[in-house]
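Subject: Structure handover

Hello,

Here is the structure you asked to look at.

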Protein chains: 2
Amino acid sequence: MNIIASPEDMQKTALALRRAGKRIGLVPTMGFLHEGHLALVKLARRQADVVVLSIFVNPTQFGPNEDFSRYPRDFERDRTLCATAGVDIIFNPAPEAMYPAGYSVYVEENGLSKGLCGASRPGHFRGVLTVVAKLFNLTQADVAVFGQKDAQQVRLIQQMARDLNFPVTIVLAPIIREADGLAMSSRNTYLSPAERREALCLQQALQTARRLYRAGERDARRIIAAMKAGIEPVPAARVDYIAIVDADTLQRVQRIETSVLVALAVYIGKTHLIDNLTLPENGSSNLPG
Amino acid sequence: MNIIASPEDMQKTALALRRAGKRIGLVPTMGFLHEGHLALVKLARRQADVVVLSIFVNPTQFGPNEDFSRYPRDFERDRTLCATAGVDIIFNPAPEAMYPAGYSVYVEENGLSKGLCGASRPGHFRGVLTVVAKLFNLTQADVAVFGQKDAQQVRLIQQMARDLNFPVTIVLAPIIREADGLAMSSRNTYLSPAERREALCLQQALQTARRLYRAGERDARRIIAAMKAGIEPVPAARVDYIAIVDADTLQRVQRIETSVLVALAVYIGKTHLIDNLTLPENGSSNLPG
């Protein structure tokens, strides 16, 4: 396994691999890897000759009051996990190498990025799209794998790849969950034991939505109200948003008639957690029960 | 010579060329080609195995009151010129193919793009950077050639290539001028015979700047005042801007101490013309006299 810190070296290596006819698979991460990331590696492995996993806690996607500085980091542990998972190259650049002095170019999306997490995290998706565009160029990825847990992010990256004509195939990986159903996230480590238990309210709300949908309910407002009612009594929980949106346009729907995304973001204490469910179900949510 | 209209076909062709080890040179144009464009082709030819010339009047870089619909177009003439100049591929996509329904992703620059032409043409450089990013991805260019006449544009494209890590070398081509010194531009065809004569005031202003500089003048305000004084009596001329900026940061300078760009934009009647001179001189302006 090769570990590359310099963007220039990464790009040189990638261009040489491409010239040699290798198919490159990219798994972009912020490190502190969990089984969700390893599932992405497995998918990349299946579609590429060389798997590049990037580890980069990207400053431009964090707001001024967010958790950039305390975001969990453990490179030695990540390295061991990558070696075991069959990653070929870890790309872990320094922030100053990715954003040198005088940096001034950003990728912006002005439709899909405005709702859901984009509404409560202004600038977040600009940072995400910018760094992913950079990673596409640096790794010369033929295929890139993203997790369904960040549903709005993956929709935006598909849109960027299409609109800016990146020659990359975006692969979507189903949500991976803990034994009790909590969607895996590096941010779960922030939770106290009590918060960890209360964090189950996210998936329970999605289960409520699924139950109502299966019983024939199609009114978005009624489903959202039932989800909210399940979360409100949870002491540490504060709803950021609960939304039912068209899976393609991410616009809110009144009635569920097309494929929709039931998405929610909830603060558990100070920790911002997200989860989602596609309806009609397609297995991407892996919701238990 | 191959003529490709579909972005998908262009990208497939480019990826196949890259796999075959060919070096691809891109010359982005809006068509209605003149000798300035052909000089770009010659430079691309020298550095690449395959020269792609794109012809695309890009709607996103025109403001609502600008000349998008009346911008001159003559594909048959362009095709003949390209064949003679040794272009390998003309890429001439339709606007709907480049900006399909639901298009929403743009490349923005938030420093260098704010002054000079960016100040009087809001959104212009966002459109330029977006289409050039698309062209880089569609043509898989190893090298791309831009003219010094659009000095701010080429500085911005260098910045985008660096900041977003496009694996492309940007080559700068000197300004090509008509026999009497007017910088070549497809927009020169808008000028009436009287305006065509008055349009010489742009290069005359640059000659004034050069004369003062050669005589030891380093005060930007005094040089600009002398340039303005030469243009003001010209009946059809209305100054958009005259600026002396650091060649790297494009920030206005008080005194000429580093390499600077003397840049001006003047309306001749309704036609927006630009020209520039680098000081100390490096030949890129080809200013007569």
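The notes below go from the relation between the chains to the interface, and then to some details inside each chain. Please keep in mind that this is a predicted model.

How the two chains are related

In general, two copies of a chain are related by a rotation about an axis and a shift along it.

The interface

On chain B, 26 residues are in contact with 26 residues of chain A. The elements of chain B that give two or more residues to this side are helix H1 (7-19), strand S5 (105-109), helix H6 (124-139) and helix H7 (151-163). S5(B) gives the most, with five residues. By class, the side of chain B that touches chain A has 13 nonpolar, eight polar and five charged residues.

Of the interface residues of chain B, 100% are also interface residues in chain A, so the copies meet through the same surface.

The three-stranded sheet in chain A

Chain A has an open sheet of three strands in the order S8-S9-S10, with antiparallel pairing. Strand S8 (237-246) and strand S10 (271-279) of chain A stand at the edges with a single partner strand each, so one side of each has no neighbour in the sheet. From one strand to the next, the twist averages 15°.

S8(A) is joined to strand S9 (residues 260-268) of chain A by nine bridges. One pair to look at is A:Tyr241, whose bridge partner in S9(A) is A:Ala265.

Two helices of chain A pack on this sheet. Helix H9 (residues 201-214) touches S8, S9 and S10 of chain A, and its direction makes about 20° with that of S10(A). Helix H10 (residues 220-231) touches S8 and S9 of chain A, and its direction makes about 160° with that of S8(A).

H9 and H10 in chain B

In chain B, the axes of helix H9 (residues 201-214) and helix H10 (residues 220-231) come within 9 Å and cross at roughly 150°. The crossing of H9(B) past H10(B) is right-handed. The residues that H9(B) brings to this contact include B:Ala205, B:Ala209 and B:Leu212, and those from H10(B) include B:Ile223, B:Ala226 and B:Gly230. The contact has eight nonpolar, three polar and no charged residues.

Strand S2 in chain B

Six of the six residues of strand S2 (residues 24-29) of chain B are buried, so the strand is largely enclosed by the rest of the structure. B:Ile24, B:Leu26 and B:Pro28 point one way from S2(B), while B:Gly25, B:Val27 and B:Thr29 point the other way. In a regular strand the side chains alternate between the two faces of the sheet.

S2(B) runs parallel to strand S3 (residues 50-55) of chain B, and six bridges join the two. In this pairing, B:Gly25 stands opposite B:Val51 in S3(B).

Regards

Key:
Residues are numbered from 1 along each chain as its sequence is written. Chains are lettered from A and ligands numbered from 1 in the order in which they are written. This is a predicted model: local features need pLDDT of at least 70, side-chain atom pairs count only at pLDDT 80 or more; totals for chains, interfaces and linings use all residues. Two residues are in contact if their C-beta atoms, placed from the backbone, lie within 7 Å. Helices (H or I, at least four residues) and strands (E, at least two) are DSSP runs, numbered from the N terminus. Ala, Val, Leu, Ile, Met, Phe, Trp, Tyr, Cys and Pro count as nonpolar, Asp, Glu, Lys and Arg as charged, and the others, Gly among them, as polar. Axes are lines fitted to C-alpha atoms, for helices over the stretch in contact, and angles run from 0 to 180 degrees between N-to-C directions. A crossing is left-handed if the near helix is turned anticlockwise from the far one by less than a right angle, and right-handed if clockwise. Two strands pair if DSSP finds at least two bridges between them. A residue is buried if 20 or more other C-beta atoms lie within 10 Å of its own, exposed if 12 or fewer, and partly exposed in between; C-beta atoms are placed from the backbone.
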